[in-house]
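Me: I would like to go through this model term by term, asking each time what a word rests on. Please set each value against its definition before you conclude.

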Amino acid sequence: MDIADWRKKIDELDRKLVELLSQRAQAAHEIGKLKKDVDMPIYEPERERNVFENVRKANKGPLADRELLRIYERVMDVMRQIQKDEIAPQMAVEGATGDTELDNEVND
């Protein structure tokens with residue numbers, strides 16, 4: 001395969017990742033509703049440790065565990081924000097800054 005073929009493959013994989021991340025976000029949104037109903041906290045450190053451990057166990061490389069966990073830390077941050085928005089949507093709107101630039105650290 002040449003560079004163009006590999007880039008097509010990456011584009012295909014990116015579309016799949018977007019679909020899966022959207023499904024994960026929907027699940028986080030639904031969990032946020034349930035947490036709101038039963039007055040559970042958004043941040044559950046034990047659950048997050050379990051997610052990280054499950055991801056690490058599933059990792060077959062070539063991505064190092066450390067790098068995969070960095071990605072999942074960001075995913076978990078976003079999913080927590082989705083739940084916060086579900087539990088306190090008016091606060092999320094009031095706190096919006098209008099920034100659309102992504103985190104510079106993520107975009108190195």
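Reply: Helices (H or I, at least four residues) and strands (E, at least two) are DSSP runs, numbered from the N terminus. By that rule the chain has 4 helices and 0 strands, and its elements run α-α-α-α from the N terminus on. The model is a predicted one, in which local features need pLDDT of at least 70 and side-chain atom pairs count only at pLDDT 80 or more, while totals for chains, interfaces and linings use all residues. Residues are numbered from 1 along each chain as its sequence is written, and side-chain values use heavy atoms, with hydrogens and water left out.

Me: Why is Arg 80 called buried?

Reply: Buried means under 20% relative accessible area, exposed over 50%, and partly exposed in between (1.4 Å probe, protein chains only). Arg 80 has 17% relative accessibility and therefore counts as buried. This residue lies in helix H3, where Leu 68, Val 75, Met 76, Met 79, Gln 83 and Glu 86 are among the other buried residues. Leaving aside residues up to four places away in sequence, Arg 80 touches Ile 42, Tyr 43 and Glu 48, contact meaning heavy atoms within 4.5 Å. Across the chain of 108 residues, buried residues make up 16%.

Me: What are Lys 33 and Asp 39 called, buried, partly exposed or exposed?

Reply: Lys 33, in helix H1, has 33% relative accessibility and so counts as partly exposed. Asp 39, in the loop between H1 and H2, reaches 70% and so counts as exposed.

Me: Which residues of H1 are buried, and what do they pack against?

Reply: Ala 25, Ala 28, Gly 32 and Lys 35 are the buried residues of H1, and they pack against H3. Lys 33 and Lys 84 are 51 residues apart in sequence, yet their C-alpha atoms are 9.7 Å apart in space. Of the contacts in the chain with a separation of 6 or more, 69% join residues 24 or more positions apart.

Me: What makes the largest pocket a pocket, and which residues lie nearest its centre?

Reply: On a 1 Å grid over the protein atoms alone, a cavity is a set of points where a 1.4 Å probe fits but cannot get out, whereas a pocket is an open set with protein on both sides within 12 Å along at least five of seven lines; lining residues have an atom within 4 Å of a point. The largest pocket is lined by 15 residues, with Leu 17, Leu 63, Leu 68, Ile 71 and Tyr 72 nearest its centre. Helix H1 (3–38), helix H2 (45–58) and H3 are the elements that give two or more residues to this lining.

Me: What is noted about the backbone at Asp 39 and at Pro 62?

Reply: Most residues other than glycine have a negative phi, and most peptide bonds are trans. Asp 39 has a positive phi, near 55°. The peptide bond that joins Gly 61 and Pro 62 is cis, with omega about 10°, and Pro 62 lies in the loop between H2 and H3.
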